[in-house]
Amino acid sequence: MFSSVWRNIETQLTSYYFRGLSKLTAHGAAVSASPGAGAGSLKRCLVVPLLSRVNLQKLRTVGLRGMHSSLEDVTLDSMQVKILPALQDNYMYLIVDSKTKEAAVVDPVDPELVIKTVKESNVKLNKVLTTHHHWDHAGGNERLVKMWDGKLEVYGGDERIGAMNHKVCQDETFTIGTLKVRCLSTPCHTSGHICYYVTATNGNEAGAVFTGDTLFQGGCGRFFEGTPEEMYDALCAKLSALPDDTKVFCGHEYTLQNMSFARHVEPDNKNVQNRIEWAKLRRATKDPTVPSTIGEEKLWNPFMRVHEATVQNHAGISANPIGTMEALRKEKDNFKA
C-alpha cells in the first residue's frame, strides 16, 4: 500500500508546482493520521508537510527518482532533435534547424533544462510547440515565457494551453528557420490535440513528427475527450499517410508497457518481439527508446494495425477497424503487463 501512496504523492507534488500551488503549507490542514486511518488520510498527512520541506525546484528538475533517461541527440539531414527527459517519463524535444540554428521546443514542462540546453547548444530559441493542454506537457509554458529574454511564439490548438499566442488548426503551416512545420489536428486524447510534422523546405529528406499523447511507440493515448472514430482518423488516416521513414517522437517513455500489450494482441508478431528485446537493452542503461518511424509503427502498433485480421480476431470484431480500435483501447485501459 505504501508504495502506491508514495507514487500518488510524487505525482501530486509535481503537479501542485505546475498548477501554482507550490506555496501550500500545513496551515489549516491535518498533519498526522489517526489510528486506523486509510491511505487517503496517510497521503494527506504526508503531502502537506512535504510541500513545505521538499525543494520543489529540484523535484521539478530531476523528479523524486532522478532523471528517467539520458539526454540524446538525433541528427537528421536538415535538423537536429535533442531528446530532453522530464518528470517521471515525459519527453521534451528541442528542434534545431541545421542551417540557421533557429530552434523550437516541444512541450517544455521543465523550463530550466530547456534554457540550459539552448544556451549550451548556442541556438536561437523562438518557438514553443504545445501538443495539448495537460499540465505535464503545457505546464511549463508560462514559466518559460517569463524566464526567457526574448519573445517566444507559443503554438497550440486549445485555449486551455498556458501562454499560447498562436492558435493553430489542421494543415496550418509555419517555419523554424528553413524547416517547414505542418499542424495535424488529432483530437481524442484531448479535443485540441495537435501533432507537428517537421520537414526540410525542399521536402526530399526524412521528416519528424512530434505526436504528444496521440501516438506512442507501440500504443496510443487514452480517449479522454474523444471517440474511437477520432483516434482512427488520427492514427490510420492522418499519421499513417506520412512517409514511412518519418521519425516519430512521442510524449512519454511507454515503449515496454505498450509493447507488452502489442505482444498480447499479436503473440506471433516477430516485429513486436524484436522491439521488446531492443527496448529492454536500451532501458537497462537509461537510454531513450524514441524515436521510431511511421513505417515501423505500422508493423507493430496494434492501434495502427486495426485493419489486420490478427488484430481484429483478437478484438473479436471482424471487418470493423473502428470497432477494433474501441475494443483494443478498452482492453488496454485495464491491461496488466
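What percentage of contacts in the protein between residues at least 6 apart in sequence join residues at least 24 apart? The figure is 60%. The views below are taken from a predicted model.

Figure 1. The protein has 12 helices and 15 strands. It consists of 337 residues, of which 53% count as buried. Among contacts between residues at least 6 apart in sequence, those that join residues at least 24 apart make up 60%. The later views each take up one part of this chain.

**Figure 2. An open sheet of 6 strands.** The order of the strands across the sheet is β8-β9-β10-β11-β14-β15. The pairing in this sheet is mixed. At the edges are β8 (173-176) and β15 (292-293), each of which pairs on one side only.

**Figure 3. Strand β11 and its two partners.** Strand β10 (residues 194-200) and β11 run antiparallel and are joined by 3 bridges. Within this pair, Tyr197 has Val209 of β11 as its bridge partner. With strand β14 (residues 247-250), strand β11 (residues 208-212) pairs in the parallel sense, over 4 bridges. Ala208 stands opposite Lys247 in β14, and Gly212 stands opposite Cys250 in β14.

Figure 4. Is β11 enclosed or open? Because 5 of the 5 residues of β11 are buried, the strand is largely enclosed by the rest of the structure. Ala208, Phe210 and Gly212 lie on one side, and Val209 and Thr211 lie on the other. These residues are all buried, and both faces of the strand are covered.

**Figure 5. Helix α8 packed on helix α12.** Two packed helices are described by the angle between their axes and the distance between the axes. For helix α8 (residues 255-265) and helix α12 (residues 321-333), the angle is about 125 degrees and the axes are 11 Å apart. An angle of this size makes α8 oblique to α12. The crossing of α8 past α12 is right-handed. On the α8 side, the contact is made by Gln257, Asn258, Phe261, His264 and Val265, and on the α12 side by Leu328, Glu331 and Lys332. Sorted by kind, the residues of this contact are 3 nonpolar, 3 polar and 2 charged.

**Figure 6. The buried residues of helix α8.** Which residues of α8 are buried? They are Thr255, Asn258, Met259, Ser260, Phe261, Ala262 and Val265. An α-helix has 3.6 residues a turn, so residues three or four places apart point the same way. The buried residues of α8 pack against α12, and also against the helices α9 (270-284), α10 (294-300) and α11 (309-315). They pack against the strands β12 (215-216) and β13 (219-220) as well.

**Figure 7. Thr324 and its surroundings.** Thr324 is found in helix α12. Thr324 is buried, with a relative accessible area of 0%. Leaving aside neighbours within four places in sequence, Thr324 is in contact with Val306, Val311, Gln312, Ala315 and Ile317. From Thr324 to Pro302 the C-alpha to C-alpha separation is 9.6 Å, and the two are 22 residues apart in sequence.

**Figure 8. Backbone details in the loops.** Most residues other than glycine have a negative phi, and most peptide bonds are trans. Leu87 is not a glycine, yet has a positive phi of about 50 degrees. The place of Leu87 is the loop between β2 (79-86) and β3 (90-97). With a relative accessible area of 11%, Leu87 counts as buried because the cut-off for buried is under 20%. Lys286 is not a glycine either, and has a positive phi of about 60 degrees. Lys286 is placed in the loop between α9 and β15. The relative accessibility of Lys286 is 40%, so this residue counts as partly exposed. Pro291 also lies in the loop between α9 and β15. The peptide bond from Val290 to Pro291 is cis, with omega near 0 degrees.

Terms used
Residues numbered from 1 in each chain as written. Predicted model: local features only at pLDDT ≥ 70, side-chain atom pairs only at ≥ 80, totals over all residues. Heavy atoms only, no water. Axes fitted to C-alpha atoms, helices over the stretch in contact; angles between N-to-C directions. Helix = DSSP H or I, 4+ residues; strand = E, 2+ residues; numbered from the N terminus. Parallel < 35°, antiparallel > 145°, perpendicular 65-115°, else oblique. Left-handed = near helix turned anticlockwise from the far one by under 90°. Contact = heavy atoms within 4.5 Å. Nonpolar A, V, L, I, M, F, W, Y, C, P; charged D, E, K, R; others polar. Pairing = 2+ DSSP bridges. Buried < 20%, exposed > 50% of the residue type's maximum accessible area, 1.4 Å probe, protein only.
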